[in-house]
Amino acid sequence: MKFHITGREKSELLGEGILTIILLILLNMSLYVILNQLLVSNPDLASGIFLIKTSLDFKYAHIQLWSWGWIFIILMAVVDVIVVYWRLVRRYHQMQLRHIINELHYIADGHFNHRIPFQLKGQMQRVVASVNALVDSTIKAMEDEREIERSKDELITNVSHDIRTPLTSIIGYLGLIEDKQYRSEEDILKYTHTAYLKSKQMKSLVDDLFEYTKVRQTDAPLQVQSLELNAMLEQIGASFELEANKKGMEINTILPDSPVKIEADPEKLARVFNNLITNALKYGSDGKNIYLQLTKVDEKEIEIRISNDGEPIPEKSLRQVFDRFYRVESSRSKETGGTGLGLAIAQSIIELHHGYIYVESNKNLTSFIMRLPIKHDNVVKKILALNGS
């Protein structure tokens, strides 16, 4: 929207122009009188001006200038126009600035969806654009803060829910023992065994929660070193072969012929691969195969796929699988084990390595796909350079 001043401001500009013109006319008259008196009182100066005026020769024509009074009037008229224009432009810019300040006060009063709507020219438009950008960034920061608070509340709620369930069972079974509500030593062993299993479940939740909060920190330290992914994936696949055989599944590694080396934290990457293979064994148990596939995309990036041919993930759940405490099964029971933090931890670790992870699922395969940079230092330097600029 183009900037428009109000009728009152137009009157203010007109009054400013008239007042300036009157003052300049009075000033010009004063200077004219002073110069005229100076010439009258100094005949030599008047004679000198007359000689200069009559002796000027413009190429082939001998032209005599007008009297000094006309020259003075013309010069003063030019100066007056410049001064009046400067004063009016200055006042106009002050009005624009006043409108910008009024808009800022309006936004500060709680109208955060409002932006300065008008378009200006030159530096003032840069001010308007900067103000609008500042408001946008402030609103985004406020929304991010609200999201963080909401996320913290959700985290506390989910942790409380997941801890309360096994804790209630532990207290219940130990209470039976404390109140001697058992009929035999076999009952005592049964109650203590159940309490022990629930305690391990609580410990698993606390460990995962600690790991999640640790890797979510942007400044979390990485023990980066050069590692060969071919050997690492083969070793991890071999470590799960026995468990896979018990479930009637087979682990297949699909690796390139030449070794692929990257710079990464081997312990944290192993945690990612272990989480994904464990999930494949747990939730894809109706399938027969788990595939670990490594591909070198180019000289800067590699891709790792961990897939299974079990039951696909419902389409409505694909966007939520990396959310904290989210489990695809409808209930929050722990029959299948897990805390719902494994994939969130995996995503955070991949992001710490400046990569990304996503999931694809259809009737043939469910694949968790990771893209990682080969050189970790180059990515860090690039990010630092962008932040510095």
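The residues lining the largest cavity divide into no nonpolar, one polar and four charged, where Ala, Val, Leu, Ile, Met, Phe, Trp, Tyr, Cys and Pro count as nonpolar, Asp, Glu, Lys and Arg as charged, and the others, Gly among them, as polar. The model is a predicted one, in which local features need pLDDT of at least 70 and side-chain atom pairs count only at pLDDT 80 or more, while totals for chains, interfaces and linings use all residues. Residues are numbered from 1 along each chain as its sequence is written, and side-chain values use heavy atoms, with hydrogens and water left out.

A search of the whole structure finds one cavity of 30 Å³ or more; here a cavity is a set of points on a 1 Å grid over the protein atoms alone where a 1.4 Å probe fits but cannot get out, and lining residues have an atom within 4 Å of a point. The largest cavity holds about 30 Å³ of space, a volume being the space filled by probe spheres set on the points. Its lining consists of E16, R87, R90, R91 and Q94, and helix α3 (residues 68-108) supplies the largest share, four residues.

Turning to helix packing, the axes of helix α5 (residues 185-215) and helix α9 (residues 342-352) come within 9 Å and cross at roughly 25 degrees. Therefore α5 is roughly parallel to α9 (angles under 35 degrees count as such). Helices are DSSP runs of H or I with at least four residues, numbered from the N terminus, and axes are lines fitted to C-alpha atoms over the stretch in contact, with angles running from 0 to 180 degrees between N-to-C directions. On the α5 side, D208, E211, Y212 and V215 make the contact, and on the α9 side A344, I345, S348, I349 and L352, contact meaning heavy atoms within 4.5 Å. These contact residues divide into six nonpolar, one polar and two charged.

How values were computed
Helix = DSSP H or I, 4+ residues; strand = E, 2+ residues; numbered from the N terminus. Parallel < 35°, antiparallel > 145°, perpendicular 65-115°, else oblique. 1 Å grid on protein atoms, 1.4 Å probe; cavity = no way out; pocket = protein on both sides within 12 Å on 5 of 7 lines; lining within 4 Å.
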